[in-house]
Amino acid sequence: MLEQLTHHLPALQTVIPLIAAPLCMLFGSRHIAWTITLIASLATFVISCVLLAQVIDGSVISYHLGGWEPPLGIEYRIDAFNAFVLLIVSGIGALIPFYAPASIKSEIPKSLHSYFYTAYLLCLTGLLGVTVTGDAFNVFVFLEVSSLSTYALVAMGAKKDPRALTSAFNYLVMGTIGATFFVLGLGLLYILTGTLNMVDLADKILLLEDNRTLNVAFAFILVGLGLKIAMFPMHLWLPNAYAYAPSAVTAFLAATATKVAIYTLLRFLFTVFSFDYPFEVQTLEWVVLPLAIMAMFAASIVAIFQTNLKRLLAYSSIAQVGYMLLGVTFLSKTGVTATIIHLFNHAVTKGGLFMAVGALVLRYGSPNIEDLRGAGRQMPWTMAAFVAGGLSLIGVPLTAGFISKWYLISAAFEANHWVPAILIVASSLLAVIYVWRVVEAAYLQEPANPTRQIKEAPPMMLISTWVLIGASFYFGIDASFTTHAASAGADMLLGSVDNSAHIILEPSHSLIPHVTPHGQE
Amino acid sequence: MPLTHETAIALALIIPFAGMILIGLSDRNSIVRDIISVLTSLLLFSVTFWLLREVEAGAVPELILFDVMPGLSMAFKIEPLGMLFGVVASGLWIVTALYAIGYMRGNKEAHQTRFYMCFALAISASMGIAFASNMFTLFIFYEVLTLSTYPLVAHKQNADAKKGARTYLSILIGTSIGFQLLAIIWTWVATGTLDFVHGGILSGHLDDSFAPVLLALYAFGIGKAALMPFHRWLPAAMVAPTPVSALLHAVAVVKAGVFTMLKVGVYIFGIDYLSLTGASDWLMWLAAASILIASIVAMTKDNLKARLAYSTVSQLSYITLAMALASSLGVMGGAMHIPMHAMGKITLFMCAGAIYVATHKTNISQMRGLGRTMPFTYAAFLIGSLSIIGLPPFGGAWSKWYILLAAADTGQLIMIGVLMVSSLLNVAYLLPVVAQGFFLPNPDDLSEPAAKGSISTRIKEAPLLVVLPPCLTAIGCFLLFFYAQEIYNLLAPVAFGPETATAVLGGSPS
């Protein structure tokens with residue numbers, strides 16, 4: 001029985017939260033909904049740990065959904081790279097049930113709590129599904145599952161601030177445009193190749209000569225995903241969505257949603273297309289590289305002038321997306337490794353930061369830096385977590401952010417890109433400014449309202465915040481896991497065409513997936 | 001259980017850290033807290049002193065903690081230069097710990113527990129810098145030192161302190177991330193290692209024409225060395241309570257800067273590579289300019305601590321200059337200047353603090369005649385000044401002597417001139433303070449002629465714990481003159497190379 005179960009782990013990864021979601025709604029009680037959410041998200045976390053352990057050595061799990069052979073059937077395909085992303089998503093996802101109850105109590109009407117959990121689980125399903133699938137159209141489906149539930153989640157912030165509704169609507173419009181572009185690109189690819197399986201697509205695209213339709217498809221996919229990533233200048237939906245969504249939602253989205261979108265982009269850049277495809281190389285060098293650098297600066301500078309702490313961090317996220325895209329444009333293994341490492345490190349750091357801010361908002365009732373003066377003394381643990389996360393954002397040694405910067409700058413030097421190397425450090429200095437504005441307000445200024453008694457955050461919120469902040473330190477001190485996993489992922493991505501050609505896919509009527517060790521032929 | 005090298009290094013890092021935690025736990029009981037602070041410093045010094053004996057006997061204590069990234073480890077290895085810095089910082093911590101108690105209580109400062117905690121953490125970071133075996137480890141502790149001293153600078157939490165602390169943090173973090181990190185990663189990409197190796201690691205891995213550029217990234221990246229134009233943070237840091245200025249901004253932090261500079265010169269570039277490529281020529285001129293300009297600025301400052309701060313900027317550039325001369329004698333002189341200047345400058349700062357505690361005066365123009373009411377403080381100030389100026393029989397004479405020798409040796413006659421002029425400028429900005437104190441009448445006394453009593457009734461010194469430490473360090477300045485031989489022997493392998501060390505050992509500094 002257990003044997004049977006482990007064979008179906010890739011499918012269970014998405015099926016468990018997908019089944020749990022309607023259950024939450026059917027039972028209607030927020031306590032039961034919470035319990036179901038907790039169990040489902042912990043289960044996905046355990047599954048992703050097991051999956052990563054299986055593929056970290058470079059092997060690939062190919063699971064055929066319903067026993068239908070790819071390329072016609074939908075294939076779930078897990079390698080070192082997406083197993084790592086699964087771990088990020090499900091890891092953050094597993095913390096949210098601990099964090100959310102205390103936080104949403106003041107932000108969402110009680111009657112909506114079970115809907116919140118439903119939407120949250122659907123969002124988790126979508127994000128995990130995007131990551132786990134090896135079918136391009138399936139990516140679109142899951143992307144929409146996660147996006148649609150996200151719109152609902154953002155709109156739930158309306159009790160506290162009605163602007164959440166307009167933000168959610170704005171996000172809905174932008175997100176749908178992105179999804180449309182993406183699916184148009186997929187349609188063109190399908191016309192050209194007649195397949196939607198990513199590995200199969202890669203093989204068929206290699207055979208195509210220089211082809212304008214292919215270029216158009218690539219452009220559509222890049223723009224579509226660019227919107228979901230919040231790639232500068234397509235980021236306009238993000239600050240408001242993050243600022244007005246309930247705190248737990250913001251923490252979850254900031255840590256996972258854009259990360260999964262970046263994962264998808266990397267999949268398309270390297271698994272479906274590749275560096276052999278000249279149009280992609282040109283686009284990366286002449287379009288994405290400048291946009292990434294502009295994001296690093298423009299968004300950081302805007303962040304400096306924000307008065308709302310959530311918006312400040314949201315703009316910081318846009319800048320950080322710039323770093324991740326920059327890594328890719330160096331067209332090297334170190335560069336891609338840097339991107340993957342930063343994907344992980346930034347998810348952990350930003351998740352922790354938004355959780356800390358959520359705790360501050362809960363107690364102070366406002367995310368404005370003005371109102372948070374003196375928080376250093378009134379909520380010492382929460383504020384300490386914020387400072388620690390801020391240090392990681394800046395990239396101070398012994399934090400995860402430092403490891404990211406180290407790899408990114410190394411990659412720049414290796415590629416002889418001197419100017420980007422200098423710009424990377426210059427933009428980290430902008431992070432010093434926006435983080436320190438908050439630190440000064442919290443520690444060096446007198447409280448806005450000294451007579452008001454402010455309690456420390458609820459223990460569960462504090463613990464989940466510190467789990468992430470602690471992780472951002474742990475992975476800064478001992479980066480062997482992240483660097484190992486990221487470089488395995490980068491190997492997998494850059495060598496993906498080679499590997500995929502050699503994987504033996506046996507008939508799978510038994511529904512049993514096949515684990516093929518790397519390099520075995 | 002016999003003490004092994006590994007545990008001793010670990011202890012040197014852990015003791016101040018543990019002290020910090022204990023200090024934090026004893027927040028309620030200020031007497032216990034202060035005793036812990038002093039005990040920690042004594043304990044740390046005994047460990048570093050034991051290590052010093054081992055290093056003098058030729059041992060190379062090592063401790064490898066863990067790999068942060070493949071090929072980059074957090075590791076420690078004590079060579080003579082680091083040993084010297086470690087002993088200086090931990091030794092002077094004892095006096096400063098005593099002094100801090102008197103000063104903080106005498107001034108009734110707030111947030112004393114936070115103050116002592118950050119202080120202990122800063123010392124822990126200094127030990128990490130001193131004993132680091134590669135540039136990566138050094139950089140980590142370098143940043144820890146910056147961050148742990150930030151709350152000390154912002155201690156008073158008023159507008160001035162906030163502004164000073166902002167300058168402090170932005171310049172130190174800005175230069176270290178903006179330049180030094182780039183330089184380190186560049187070195188890493190070029191050579192594949194960051195270990196400190198005598199003779200350098202860059203030779204053969206770096207295009208010679210890039211050597212000056214890389215050196216510039218290091219030299220400006222090491223903001224703690226206060227090389228102009230990145231020196232503004234040091235005067236800004238003077239808003240901190242005086243014990244901080246004394247130990248951290250005259251000894252630990254700034255010496256960590258010049259120490260890193262020497263490390264880069266000797267162990268990353270290598271003296272031979274520097275002199276071969278001429279990479280450090282421009283640095284020599286900049287350091288010389290920094291020496292003179294800072295001295296002249298110091299003369300214009302009426303605030304005593306600001307004057308001392310600019311004097312520090314100038315003196316630090318002596319060490320940068322010595323390194324940039326790219327000769328063995330220069331390294332010897334520069335390294336020797338670390339303890340010599342530290343002992344002198346800490347004396348001066350502690351005296352300035354004593355005057356502040358006793359009279360709440362900060363400006364030199366208000367201090368006329370104070371020498372007669374505070375004779376011990378002023379005597380200590382005089383001795384410290386003479387050592388900084390470089391007059392025998394005080395320690396400062398030796399380091400200046402070796403830097404002069406190095407300048408002569410490399411044929412840099414202009415540099416000899418610079419050093420001479422600078423000594424005169426030292427006289428011009430330090431001795432008037434003492435002269436005013438002893439020879440000019442105190443304006444307050446004139447209004448009250450009845451105050452002329454016997455000498456003992458006129459003496460109004462600061463509390464004992466504030467006056468005793470500068471007197472001790474003043475005696476230290478004197479003793480260093482006679483113990484220079486020991487320092488010379490310790491440093492010989494660094495300056496002249498491990499092989500030739502034994503041959504030159506006979507050459508005495510006298």
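Sorted by class, the lining of the second largest pocket in this predicted model comes out as 19 nonpolar, three polar and three charged residues. That lining runs to 25 residues, and the ones sitting nearest the pocket centre are F45(B), F49(B), V87(B), M343(B) and L480(B). Five elements of chain B each put two or more residues into the lining of this second largest pocket: α2 (30-56), α3 (80-106), α13 (328-359), α20 (464-482) and α21 (484-496). The top contributor is α3(B), with eight residues. As for volume, the second largest pocket comes in at about 800 Å³.

Where does the second largest pocket lie relative to domain 1 and domain 2 of chain B? Both domain 1 (1-263) and domain 2 (280-492) hand residues to its lining, so the pocket lies between the two.

Then there is the largest pocket, with a volume of about 1,900 Å³. Its lining counts 45 residues, and those nearest the centre are drawn from both chains: A384(A) and V387(A) on one side of the list, M20(B), C118(B) and L121(B) on the other. Helix α5 of chain B (residues 135-153) supplies the largest share of this lining, namely seven residues.

Methods
Residues are numbered from 1 along each chain as its sequence is written. Chains are lettered from A and ligands numbered from 1 in the order in which they are written. This is a predicted model: local features need pLDDT of at least 70, side-chain atom pairs count only at pLDDT 80 or more; totals for chains, interfaces and linings use all residues. Side-chain values use heavy atoms; hydrogens and water are left out. On a 1 Å grid over the protein atoms alone, a cavity is a set of points where a 1.4 Å probe fits but cannot get out, and a pocket is an open set with protein on both sides within 12 Å along at least five of seven lines; lining residues have an atom within 4 Å of a point. Grid points are joined across faces, edges and corners, and a volume is the space filled by probe spheres set on the points. Helices (H or I, at least four residues) and strands (E, at least two) are DSSP runs, numbered from the N terminus. Ala, Val, Leu, Ile, Met, Phe, Trp, Tyr, Cys and Pro count as nonpolar, Asp, Glu, Lys and Arg as charged, and the others, Gly among them, as polar. Domain bounds come from an automatic or database domain assignment.
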